[in-house]
Amino acid sequence: MFRKPFSVKSQHSCKTSEVKWLRTNCSNWFALASQTDVLEAIPAKADVQVAKIALNADGEGGSTGSCVVYRVGGQPMFWHLKERGRLNPTVYALWKIPYLSPVILTHAAVMDRLADGADLMLPGVIMPQEGFAHDFKKGEIVAIALKEHPYSTCALAVGEMLVSKDEMLSSGMRGKGVKILHTFQDFLWEFGDKSLPPLEHPRQKGNKEEVEETESAPDIEITNASSSDLSGDVDGKEEPVGPTAEPGKEKDTQKEAAESISPAEMDKLFQSALYTAVVKHLATANPKDIFPLSSSNLYSKYILPCREHGTTLDIRHTTHKKLGKFLKVYDKKGVLKTKETKGDTVVLGVNKQHPEVVNFTPPRKLAGVATASSSEVTPVDNSCSTSAAQSKENSSDLIKITELYKPSGSAVVQLFKDMGISKDELLTAQEIRAAVGAYAEKMGLVDQSNPRLVRMTPLLVEALFKKGDGGSVEAMPRDHIVENLAEKMQGHHKTDIPAMNGKPATSVIRKGAAKPIQILVERRNAKLVSRVTGLELFEIDVEAFASEMKIACAASTSVVPHVGAPKVDRGSAMVEPLEVVIQGSKVVEVSKALKDKYRVPFKSGQKLISKWVVVMDMS
């Protein structure tokens, strides 16, 4: 729809009544969005402008006529075709508020076909092993995201469902599935600041436990599938290609394993996975950062990875049969707070003080999440897993990144003061755990019947909970205390650079969570280019790196400002970040240079995979 340039007929600031209409319709059209979400998308004092644009036909099925675009702070966030018709989000809106629309996953190889005007064919849709949790309706607006992206709900396209969930399944996943309306890098995207997709969830604070760089983590590989395998032609002809609806041997094995378990046992596995998700993730984060949470996202992002290692979950083999009924049971128990929205069960919050949650002990080894390129499983808790091959590697020769935490808030500062720790001290997660243990022993707070529990004091309650919460909690597991404290503290990270290339070893401490280097391959004027960003955070000289890549890749290179990225702390000053642009697809060459010369940690083996180097192929 926006594949060709459009002309702006008029543009003016919105009246108060127009802004009110926009907020009201955001709440009406996007049922999963809370009032907080709407205010975050359209802040109270934001400069909201409305632009009327004239569309040009962009091929078969292309639209002509006028379109209304709402810009918030200069960024296009919503649009509609008819006079105050259905409100549609842009990718910018979905990057800021990921819960506006349900998400459909596809592969990276499909995106170039979608950007060229193809509809998303059902063979290109990735159906979860457990089936679609969301009940898709015909005509519903959905976000299209890539399985290969660092967080898999990051929208790269917006479309309209051409079929319902039942029609999708009854067709054997054949035919057209989604009519694409708007994509990343089309002219509606260019109407904004042309920023790149975020590499992490916009509400993810990054306060995670310290991990070693050689430990396993979800990484990205470039898929080798051709785009024609997964999407249809622009002319609308269906192609009987791509993933078939019939499951493979691996899926059959998992299905047999699930069927061999009684419904009562499967209920226990689901409860264990749910409580693990609550303890490790949902109860430790700021509720505004996570909720409301759709049932499909709760299942795929939290419950499924938090199942015990070696087990298989299948909601159809529980006594509940459906995910919605399962969640309602725990709503009645008081563990969850849910509501029904257009046929979907939405989770609004969790009760971390529920007795069953407080007394629950998570399994020692979790199944984790699958990587983008294989059925290999990566543990959710990265601090619990290190491969034998990785442990052999001399980590002192590699860049090391350590998560640090600084006391913040009067109660937390006072608690650490009682522990003998200054408010200006930066601590690792292990040091926080040791300090909590020593404090509990010193104050006689260790529960004699269960040594892993620590009895609460007024100061601990004030430090760990919001005002008015936690009054009924008498004791908490030490791990819960450490996680709550880390979430309350200010996040930092320390980058240790080993001596290399004639330079001495250095250490740099910055605020916030560490972010990986990004290699983005895209097509410009029928030519491929590779864009490398994030080098400054690893203390890599961008200009020198570009010169080296020019020789190593035998291709022209250039250094340009990284538009839309925040300034980088270089110690003495905040500087504008830069990106290196290399002619051609040079992922392998860039990765080898980062690994061999600049000592960025990579997994051992032939494949160049690193949690600190994210590859996105948009060609």
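This is a predicted model: local features need pLDDT of at least 70, side-chain atom pairs count only at pLDDT 80 or more; totals for chains, interfaces and linings use all residues.
Colleague: Over which residues is the pLDDT below 50?

Modeller: One such stretch is residues 204–251, which has 133 contacts in the model beyond near neighbours in sequence. Over residues 369–393 the pLDDT likewise stays under 50. For residues 369–393 the model has 49 contacts beyond four places in sequence.

Colleague: How many helices and strands are there, and what share of the residues is buried?

Modeller: The protein has 19 helices and 27 strands. Of its 619 residues, 51% are buried. As for the contacts with a separation of 6 or more, 66% of them join residues 24 or more positions apart.

Colleague: What is the general idea behind a nonpolar core, and which residues of the largest one touch the most other members?

Modeller: In soluble globular proteins, nonpolar side chains tend to be buried together. Here the largest nonpolar core has 69 residues, and those that touch the most other members are F2, I42, F78, I104, L120 and I144. Another core, of 31 residues, lies apart from it and includes F416, L459, A463 and L464.

Colleague: Let us take a single residue. Where does T276 lie, and is T276 buried or exposed?

Modeller: T276 lies in helix α8 (residues 263–282). The cut-off for burial is under 20% relative accessible area. T276 therefore counts as buried, since its relative accessibility is 0%. Leaving aside neighbours within four places in sequence, T276 is in contact with H281, C306, F360, P362, P363 and L366.

Colleague: What of a loop residue such as V335: is V335 buried or exposed?

Modeller: V335 lies in the loop between α11 (323–333) and β12 (336–341). V335 is buried, because its relative accessible area is 0%. As for G349, which is 14 residues from V335 along the chain, the two C-alpha atoms are separated by 8.7 Å.

Colleague: How much space lies in the second largest pocket, and which residues are closest to its centre?

Modeller: The second largest pocket has about 750 Å³ of space. Of the 27 residues that line the second largest pocket, Q185, W189, E190, E522 and R523 are closest to its centre. Two or more lining residues come from each of α4 (111–115), α6 (187–190), β21 (517–524), β23 (557–561) and β26 (578–583). The classes represented in the lining of this pocket are 11 nonpolar, five polar and 11 charged residues.

Colleague: To turn to the backbone, which peptide bond is cis?

Modeller: The bond from F291 to P292 is cis, with omega near 0 degrees. P292 is in the loop between α9 (287–290) and β11 (293–294).

Colleague: What is the phi of A526, and what is that of E539?

Modeller: Phi of A526 is near 70 degrees, a positive value in a residue other than glycine. Phi of E539, also a residue other than glycine, is positive as well, near 60 degrees. A526 lies in the loop between β21 and β22 (527–533), whereas E539 is found in the loop between β22 and α18 (542–552).

Colleague: Why does A526 count as exposed, and how does one class E539?

Modeller: A526 counts as exposed because its relative accessibility is 64%. E539 is partly exposed, since its relative accessible area is 28%.

Methods. Residues are numbered from 1 along each chain as its sequence is written. Side-chain values use heavy atoms; hydrogens and water are left out. On a 1 Å grid over the protein atoms alone, a cavity is a set of points where a 1.4 Å probe fits but cannot get out, and a pocket is an open set with protein on both sides within 12 Å along at least five of seven lines; lining residues have an atom within 4 Å of a point. Grid points are joined across faces, edges and corners, and a volume is the space filled by probe spheres set on the points. Helices (H or I, at least four residues) and strands (E, at least two) are DSSP runs, numbered from the N terminus. Ala, Val, Leu, Ile, Met, Phe, Trp, Tyr, Cys and Pro count as nonpolar, Asp, Glu, Lys and Arg as charged, and the others, Gly among them, as polar. A nonpolar core is a set of buried Ala, Val, Leu, Ile, Met, Phe, Trp, Tyr and Cys residues joined through side-chain atoms within 4.5 Å. Buried means under 20% relative accessible area, exposed over 50%, partly exposed in between (1.4 Å probe, protein chains only). pLDDT is the predictor's confidence in each residue, from 0 to 100. Contact means heavy atoms within 4.5 Å.
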